[in-house]
Structures are given as C-alpha cells and as structure tokens.
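Open the structure in your viewer and keep the selection panel at hand. The stops follow below.

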Amino acid sequence: MIFLIITETAKLRLANGGSRCAGRVEIHYRGQWGTVYGNFWDLPDAAVVCRELGCGTAVSAPGEAHFGEGSGPVVTGYVECSGTEAALRDCKSYQWDHYSWSHVYDAGVICSDHRSPRLTSGDSPCSGRLEIQYVETWGTVCDLDWDLKDANVVCSQLQCGVAVSVPSSAHFGEGTGLVRTDVFECTGNESSLLDCRLFQGTQQECSHRNDASVICSGKHGPRLVDGTNRCSGRVEVLHGDQWGTVCDVYFDLEDANVVCEHLQCGTVTSIPGGAHFGKGAGPVWMESYRCRGNETQLWECPVSSWDQFSCSHENDASVICTESFTLSRNLYC
C-alpha cells in the first residue's frame, strides 16, 4: 500500500446529498471527477472535507455509498487525516490516480451547515409544505417571516422555476416533528438556502398551524426577468438546468395570458417585443407555443418548433400582467 501527501491542485465537491454540504465525496483530478474509497473513512477525514468546503464541522462520515454509487474512477482510498488539515489533499492516502475499483464503498460526508429543502403533500413535486433538513433531521418552517424571496431560492434549488405563491397557515396540511423558527433573509437570487442569511427567530411562537408552503412555477418555468416586479419582464423558460428566452415573433396574447395565469399575476396587459426589458443570455428556444389562452400552466399548451425565422436576443419576448400594476402601487404605499 502506498501512502503519500498530495500537492497537486484538485477540486472537491459533495454530490447527491441535497445541498453542497452533504453528499458523496468527489474529487476532480486529472480532468475527471472521481470518488473516494470509503474503507476506514471516519469523522477526522470528513472534518477536513467540511473545512475545505466552508461547511462547518463534520457531523457524520457515512460510507458504503450512503449517497449512491458514483461513476468514473475512484481517485484514492485509505485516507488518514488527523482532522486538522486544511484540505483533503494534505492528508495521507493511497496514491491518487484513476482506479477502476467498485463504487459500493464510496465515502460520504454530512456537515453541520447542511440544509436541504423539500416540498411535501402538494399536487406536484414543485409545490407543497416546506420542510428543511438540518443535518439529519427534517422539520417544517414557520410562515411568519417566510416570503416570496425566500421561496424563490427553494424553487431554484429544487429546479422548479420561480416562486409564484407562499400560502400560509399550513395550506398543504400540518407537518410533524420540529417547527423551525429560523428566519431566512434571502435576496431571492441565491442558488441555495445555504447562501442566504440566517438568524434565530426568538420573539414568536409557531406551531404546525404556521407551517410555511411554497408553490413554484414548475420545472419548465416560466419566469419574468428584469421587469419592475415579478409580474412583468422578459419571458424565460427552463429546460433541464438552463434558462432561455422566447422569440417574440411567435409569442402572442394567448401565450402571454397563460404566462400571467401560470405565475398568478392576473391577465396579460401587453406583450412588448424587441427585448423591451433587455436582452437575455443563454439560448433562444426554438419553440412556438400554441396556447388557446384558457390554460393555467404553460406546459399545457401545444408546442411546435420554428425554423423559418432567425431569432436572436433582439427578439426576446416580454410580458406585462395586470397584477404588475397592483404590485407597483403596493411598493409605494
């Protein structure tokens, strides 16, 4: 068995754990992501991973592919950290390489900063009662300080588009277990709840009657970007993990009306063209919606591809919904 200290720069991540602070340990080495063989993997080893990733302290060091078997090579194994090292590459280990060992022993880590959301008891994977996993314990969230900006981060983290509503008073039923009184202060642009400011709520008593809920636009969007509020802006649609824009040549009032309905923003007021709210980034999706105007979700509309017109971000479609004016008035009240 060969042990050494690695000095070559390597990237580290935790995969399949619900947040960047929990999951299967993966190392990017020599151009490829690989895993760590988990025999003799323990808390001092996990502590170094948590420290390197800025995820607090180690809570658990599960092995035997607790977070699922990885793919690609196994980079190293038989790791021996004291627990004080700044990075995993500073620990003694089997020589780093690309090994074709089994992934059944892939090492895992759960750090103290792990917070992973889920939505339960809703009518789709993108709506429901909000529950958050702190380390290994799930609990609900008090709705008294929960708002659309916080919910938007949950929707983004779950790849469910954007938040359209935050129903209160246990809208999706009362949960069980702990009710968290932690208060999230998200800007709405974070990709994970880990990135939001968090402080302890101590001046209010919450029960499961106050369980927070979230309704997201869904895995295919849409969202309105760079408008005066969430009910106006450039139309963007999510495919996979990438947002793209819609060509205004093929976007009409019926399509826009469904976008407003989908986002719970009333009905359409106008559909300014020519990138009225600025040019987007990413792809311009080659799809044309054929909405009748009475659908409630954009994905209920028939879709066809277009290839007879060259669309660029100069043609990004925009929508202004009736609720946009209500929200604007409220901003100045």
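**A tour by selection**

Start at glycine 54: this residue follows H1 and has a positive phi, near 65°. Helices (H or I, at least four residues) and strands (E, at least two) are DSSP runs, numbered from the N terminus. The model is predicted: local features need pLDDT of at least 70, side-chain atom pairs count only at pLDDT 80 or more, and totals for chains, interfaces and linings use all residues. Residues are numbered from 1 along each chain as its sequence is written, and side-chain values use heavy atoms, without hydrogens and water.

Now select H1, residues 43-53. Asp45, Ala46, Ala47, Val48, Val49 and Cys50 are buried there (under 20% relative accessible area, 1.4 Å probe, protein chains only; exposed is over 50%, partly exposed in between). Their cover includes strands E2 (11-19), E5 (58-60) and E8 (108-111).

Zoom in on leucine 298. Beyond four places in sequence, its contacts (heavy atoms within 4.5 Å) are Pro222, Val237, Val258, Val259, His262, Tyr289 and Cys291.

Finish in strand E10 (127-134), at glutamate 131. Is this residue buried or exposed? Glutamate 131 counts as buried because its relative accessibility is 8%. Its side chain makes a polar contact with the side chain of arginine 118, at 2.8 Å (N or O atoms within 3.5 Å; within protein, one must be able to donate a hydrogen and the other to accept it, and residues adjacent in sequence count only if both atoms are side-chain atoms).
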